[in-house]
Each structure stands twice: as C-alpha cells, then as structure tokens.
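Let's walk through a protein model together, one step at a time. Please keep the view open beside the text as you read.

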Amino acid sequence: MVFQAIHEHYSTELICSDGEHIPIAFNHTKFAGENGSFRGGIVFVTDKRDAIATEKKLKEATLDNAALRDQLAMQEPDIALKEKKKLEQDVKDANEFLESVLESCGDGIFIADGAGIITRVNEAFAAMLGKNKKEFEGMQTSELGPWKGGAFKSTTGEMITLDQKYNDHLSAQLGKLMALDTGSKLENWEFYAFNNKRELVPLEMTASIRKDAEGVVTGSVVTARDITEKKKAEQQLREAYQFRNSFFTNITHEFRTPLTLALGPMEEILRGEHGKVSSRIKEQIIVTLRNSRQLLKLVNQLLDFSRMESGKKNSVCETKDLGTFTAAVLESFVHIAKKKAVELTFNPGGEIPRVAVDPGSLEKVLFNLIGNAFKFAQAHGHITVGLERVRMHGNNPWPDETVIVRNDSDTLSGGFKGDFVKLSISDTGIGVKKSNLKKIFDRFKQAGESFALEQGGTGIGLAHARELVDLMGGFMTVKSEPGKGSTFAVYLPAADAPVAAGNAADELYLDPETELSDIIVERKALQESITGTKPLILIVDDNADVRRFIAGIIKEEYDFVAAAHGRAGLQKVEKHRPDLILCDVMMPEMDGPEFMKRVKFNPGLKQTPFVFLTARADVEMKVAGLTDGADDYIVKPFNSLELLARIKSLLRIRSLQQVTTEQKKQINGLTRKLEGKYSYGNILGNSPPMQAVYYLLENIKDTDAAVLITGETGTGKELVANAIHYNSLRKDRPMVSVNCGAIPKELMEREFFGHIKGAYTGAVESRRGYFEEAAGGTLFLDEIAELDKGMQAKLLRVLEYGEIMRVGDAAATKINVRLIAATSADLHQAVKKGYFRKELFYRLYVVPVNLPPLRQRGEDIPLLIEHFLKEFQSQYGNGRSSLNEREMNILKNYSYPGNVRELRHIIERYCLLGGAIVKQLQSTEESPRGFSRDIQFEEILSTPFPLKEARAFVEREIINHTLKMCNNNYDKTARQLNICLASLYNKLKEYEMN
C-alpha cells in the first residue's frame, strides 16, 4: 500500500554497497481492478547523473552568455571571464608539466602537504623502495623509515643499529627544515627508509619547503637518491685504508731496526773506536751516515702520517714554557749557523703565556721550520725566531699572512678566538711565489719548474709540521716574497695552568743529528775534471752526494762536469758540449724532462746520449721519457759496474752513428757531384746561398716534417718542393701540387677532402680529394696564404689529427701525407694582421726554407743562362749556343724582379726572336742598366758643366745598382765594376753615397 502513496514522479538517491550516492527519478503507472482496487503497477527508474551534468553545463553556458551580453553592452568589457578561462587552462598545463617532470626525473621525488601527508610520488621513488605509487598515497612522511632505535638489516649488506643519536639527527634536520624560508632547501640529508622487504635503504635527500603569508607550512618537495653503492664503496675504502695504514705502520717499524744497526757501527767508526781510517773512507762513511739519518727521519715522518690517518696519533698534553723549549731547539742550530755564515737571532718577547702541547710533536715542528729556513738561507743571511702573545677576537689579525689550516672556513667564520702564542721563523732566503704558498703544505708536493724559486725535497716536511700543529689545536700562517725571504708562524692556544720553568737541556726528546741531516751545509765543492783527452760526461742532479758518488765511479775513465739542476745544466752544455748526459728526473728550477727537451732541440746536441737517473721504475714514466728522446733509464739504486757498462754502450753507439752520418754525407756529396756539380734535383746554382739551401734539403728529405718554402715570385719554390719529394723515401708515391689561389672558395673543401655519393646535388659518385690522391706521398700547397680562414681551420685539424672528413661522410678517414707549403707573401705579417691563423702558421713552420732572390746570387746567372740556352736550342733548333761578353754583362747587371722565371723567359725570347739581347729587356719594368730614375736633361743642361754632371749621374746610378745587386758587399761590387776597392771608396765619398 506504500506504493499507492508514492507520487507518479519522484526524485531520490540510491545508496550503493560501496557508499556511492546515485541520483535517480521514479516514474510509475498504477493498475486498478474492476472495482477500482489497486492491482499493481510499473515503475521506471532513471539515472539522473548525465541529466544533472548537462543541466549544470547549460546553466554555466547561460551564465556565460548573460555575462557576454552584459560585457557587450558596457564600455569596459569584463576581463574576469577571460582570465578565469586562461587560469583554468594554465592550471591544467601546469599539472601536466609537473607530472611530466616528476616522471622524467631519474631521482626519486615525493610531495607532502602541510601536515606531512604524502600526496604524490614519482615512479623512480617507488621503484627505489620496491613499492608501487599507490602505497604512498595518504602515508605520513614519518612512516617512510624508523624513528625509534633498533637493529635493522640494510641494503648495503650490513646490520645497522640506530640509536638516540640518529633520532636526534632526524629532529635536528626537521628543525632546520621548518626554519627555512619558502624556496630554500636543505641538502645532503641522510635518511634511512624501509623498502618492501623492511630493509633499510640509505637515502641522500634534498628538501624544499613552502609557507603561506603567515609563515604556516603548506607543503614540501623532497628529492631522494639511493646511496647504497656509495655506502658500500666507502666501507671498502675504509677497510683498504685500515689495511694500508696497518701495513705501513708495520713496515716503517721494520725499517727502523736495520737503520739503527747501520747507524750505530758507522758512528763508532767515525769516533775511532775501531782504529784509524783513511780520509777517503771517512768521507764516504760521513756521506753514508748523513743519508741514513735522512732516511730514518723520513721513516719517522711517514710513521706519523700513518698514525694520524689511522686515528692512533694521540697527543701527550703538557704545559710548556715556549721560550725555554724554543731556546733548547735553537742550541742545535748554532754550529750550522756558523758553518753557513748565517746570523741566528732569538727574540723571546715578554709575558709569554705557557702552551699546552705534545712536546715530541712540537719539537718536530720546530726542527722542521727552523731547519727549512737554514736549508734555503743564503750565506751572510739572517734567521730570526720570535715569540709574542696575540689576542684574537674573531676578526682576521693576519691581513698580510696566508693562513694554513685544514679547513679555511675555520678562520672565515671567526673560529679562532682567545689568547694565542705566536712563534715566527723569518729568513732572508729565496722566498716562495704567492700562488704556491698553500701548495707547499700539501703532502708529497715537490718543487719543480712550476715552483720557480723553491728547492726540491720529499714534499713531506711542511705538511708534517702543519698536521702536527693541527693536532695541538693550533694553526700556521706564512708570508713570503721571492728573492727576499719568508716568515712561517705557528699559533698555539695559551694555557692558563702555571708550570715551573724547566732546564733547557732537559727539554729535547729527539736526536738533533737525525732531524738536521737534510740541511745542506757548506761543503767542499766537487772538483770537475776536464782533461780533453777522455769523453766528457755531464752529471745533473740536485743532490750533491749523488753527484760526488757518480763522479767517483767514472773519474778513472771519463772527464766530467756537474750541475745541480736543469738551468745550470744548460749553461754547462753550452760551455763544454758533453759527449753524454746523466740527469736526474725530479729537480728544482728545471726538471729532467724539460732539460732534455731543450737539449734535444739544439741540432748540435740532438745525437748526444741522454740518460735519466730516477728512483721511479714505473713503465709509464720510462715509455714517456724514451718517447720524448731519452736514450736510456737507470733506476736508483745502481752499482758502479752497471753505470759504467751503460755509459760505454751508449758512447759506442754514438760513435757508430757519427761514422754512419759522416759516410752518408760523403756519399750524398759524391752523388751530387756525379749527377751535376751545381744542382740539386732540377735546381741550379753554386752560390753560397744555394749551397746552404742544398744542405738543408739534404737533411730534411728523409723526414716527414712539414716544410714551408718562402721566397719572391719566380725563385723556384715548386722546384724545391719537387726536389724534396723525389729525393725522399716517398719518391715512389704520388706528388700532388695544388695552387691554393686558383680554387674558388666554395669548392675548396670538396677539392681538398673529396666527397661521397649524394653529398650534394650533382654528386652522382664518390670522388677522392687532393689528400687522398697524395696518399703515402707528398701534397704541395702553393700560395698557401690564399686559403680563406675557414679552410685554414680545416687544414689545421688535418695536421693535428692526421685525418680528413670527406664532404657528406659521417666518419673520418686517416691519411698519411707529407705536407709542403709555399708562399711569396709575408706570413708573419699576415698572422699579425689576422689574415692567417697563428696555429696553422706554426704547424707549417716546422722546417722553413727561404729561397734567395736572383739578385743575391749573381754568380749563378752565367750558369743559369748556359742551362737555358742549351734547353731552348734543343727545343727550337734555332737558338744560339752562347752570348758574347757584352751581352753576358748586360744580363749579369740586370736586377731581375721576376727572378729565375724572368731570366728563363728572357732567354726563351732571345732564342725565338734573335737580335740584340738588350731588346728582350725593353718590355720589363726596369731598364737594362737598372737606373732608378730617368735622366733629367733640362736639369743637367742648366749646370755649369753638363757633360761632367751627366757622367757623374750615370756613375752614381751604376754604383748604386751594383751595390744593391751585391747586397752592399763592397768587395763583390768592386770586382763587378772592375775597379779596385780603394777606387770604389773614393767614388762613394765623391758622390756622398752612404
């Protein structure tokens, strides 16, 4: 009966099993019986969701239409609607962009709202923890990982125990995050998150935060990176360091035992406990003892480093009076100061507080710094040790000093405050460049060419001192000026605890003789041996003991000179021209490799055997040295027999090379005489300038070095290029000549490098360029100055990499071509003006060949005339076979602006046309007599004696022309004019010619 009470049209909602509400409409029809009673009905249920949505859209459209009508009716349109639509589209685009960025990022990303609930994660973050993205939706960020202590298995393979320290770390990081401003970020946050196996995954996170205007957090974005592999590598590195430090500590301890057993007996011998020894043996024992002590000092320093790295270097803290302590150390230097003639001064200052230090460490620091000052002090120099109290307030009290600390931020943040005692050591030594002040405190930094004025060494001392000072809570500073000296300062925190002044003699812990063993004192200079009857050997080593040791080995069989470094070695080489050089690798001022390069660059020393003496035996270093030109390597330590055998072998090889080279020169000279006394290939001439050219060509013909031929137009540059090729090892391979000035700019690349099929329109087949045509042979580029800048760059790449890129090809092609270039232009000026690339110029300017103009080789003119007469007589059959004396003199006195080519054309015209030789010169720019200007008849006739003036004019012009032709050589000029030298001087004076 309830059904009867329902209206025919009724709207309501259906509630689904999952709680969803669906709007519906009921429509029904009732059925009545004959007596009007209710018999049933039919009910229609309609889903109204689509209808409601349509109605909503219609309503919005109606509102939009109404708004548009209102806008059209008003003077100022309502922009709000347009902005609304644009804003909706911008939001949609931004969401799509954000989604794209999130998913394309390789790092994991998650976004949380202001309550710390995760709203979105990317696929990378989900995969990082082995989960799917939906598992994170609605999760609190605190649920990502453990926030309480416990032991957990990690993806690194180890068990990790998280304690209160980790919880405190998380709380501190959260506090930092909440304190950030909008847009700021917190980086390098280490965090452990659970993966799907409940293992801890170590993450490195960067978080940024968003806040509203009131400062309330509205959300955060976090990027995370899985650092499991990084943690594994760090663990392996720690284990490797522990093993290395343990091994190093053990081995250095083992070194000390044999050193002790070696030092004791040597000291006994020197004290005379085993009888008297000769002066030579005593000298050898002193050298051995000194170097053994140096080795012991080095072992002790390395042991300290090992202990510091392993964390086992514990300072023994004692309160000391630094004045008494320093005075005790300085007592050990008094004898050295006298020997080196250095004035040593101590300024202890007044009211110096005590310091809490490790006495053994402080003693090592003082011995090192004061010893360093003595090492570099010059004779009659000054070393001053001072003490003063310094009160620090966080500001930098050392504006002129370079602060040396483990972390520069300590001083920048005002980390040093309170009372300090400053101990300074100033010297008048060689100084250090400002750019190197911090480098000298790095471990194992050795001096060399780049350190300019510093001396060599182990690169340990200053680093050792600085690290010991760090352990005692202090720091160091340095200031220096090259050539004037340095000041090293140690700042130690003052200690308030009083202590009774001790006896200076009781202060020392170390053996001064060991600590001072590496200080160079004035010793007897090595007496060099130069008899002139034995091969001369140059010894270059920065260690005086090594120089003495080698000299003692070789002095019976060889003469010798010595130098302490490469710069001094260069002076010895220029002065003495040694037969063999023995050179250390690592030296101050100029190291061994640089010294060798400069020696080998000198053509006269290129064949001098060069032997490196080195303590490093690694293969890479040997290969590099031998590749750069070294002839042999001898690894220290070496014995006398090995050294003498190597020297003999290298000198024997050098002697054979000299014989072979001389024989080769003799054979080549005889061959040239047989083929043509006054020629080289097709080049003619017997003048000294041409003989010099022949000598140069003979020496470069068998090399692959690039050649640049320069000279005026017509001097025969192409003949020289052909002579080089056809006398070289490449003579059976192609010789390709190219005139760079004759190729259009747009065609240059394909002409030089070729192209592949289809590279451009019309490229129906692949074609080789000039470089491939000359493969294995020689490519001659005439008029190289005509290349445009773009092609110059491409040619430079070919010379640098030995490969070309054909037009249209994706892969480079290796080429083997010798390049010879030529130009009549001044390339030096072209480089200065920017027309020619400097890099290309120096690539081509490996072997320069300058051809003299014909006016500078006048004695070759008759030889050339004879050759050309024979050539054209044979060619034309009607030429003359010789010239009379007058004709020959006319041609010899001509200046030839077109050089040999012009002379050849003159003789060819003469053989073809006949007549007087002077007629063949009438078309040239200069008259046959070479007059610099026409005769001014009116000017001459206006003088008192016209004929005398005309004669003087002609004589002056002829003398001037002949001087130019003979390069101002007065002897040659007088012979050419057939007068004596005195007559020539008289003429020059008479006509006031300079």
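An axis here is a line fitted to C-alpha atoms, for helices over the stretch in contact, and angles run from 0 to 180 degrees between N-to-C directions. Helices (H or I, at least four residues) and strands (E, at least two) are DSSP runs, numbered from the N terminus. What you see is a predicted model, in which local features need pLDDT of at least 70 and side-chain atom pairs count only at pLDDT 80 or more, while totals for chains, interfaces and linings use all residues. Residues are numbered from 1 along each chain as its sequence is written, and side-chain values use heavy atoms, with hydrogens and water left out.

Let's begin with the whole chain. It contains 32 helices and 32 strands. Of its 994 residues, 39% count as buried, where buried means under 20% relative accessible area, exposed over 50%, and partly exposed in between (1.4 Å probe, protein chains only). Among the contacts (heavy atoms within 4.5 Å) with a separation of 6 or more, 64% join residues 24 or more positions apart.

Now for some helix pairs. Two packed helices are described by the angle between their axes and the distance between the axes. Find helix 15 (residues 566–576) and helix 16 (residues 592–601): their axes come within 9 Å and cross at roughly 25°. That angle makes helix 15 roughly parallel to helix 16, because angles under 35 degrees count as roughly parallel, over 145 as roughly antiparallel, 65 to 115 as roughly perpendicular and the rest as oblique. On the helix 15 side, Gly 566, Arg 567, Gly 569, Leu 570 and Val 573 meet Phe 595, Arg 598 and Val 599 of helix 16. These residues divide into 4 nonpolar, 2 polar and 2 charged (Ala, Val, Leu, Ile, Met, Phe, Trp, Tyr, Cys and Pro count as nonpolar, Asp, Glu, Lys and Arg as charged, and the others, Gly among them, as polar).

How do helix 30 (residues 946–965) and helix 32 (residues 981–990) lie? Their axes come within 11 Å and cross at roughly 120°, so helix 30 is oblique to helix 32. Glu 955, Ile 959 and Leu 963 of helix 30 make the contact with Leu 984, Lys 987 and Leu 988 of helix 32. By class, that contact has 4 nonpolar, no polar and 2 charged residues.

Finally, look at the cysteines. A search of the whole structure finds 0 disulfides, a disulfide being a pair of cysteine sulfur atoms within 2.5 Å. Cys 911 counts as buried because its relative accessibility is 4%, whereas Cys 980, at 44%, is partly exposed.
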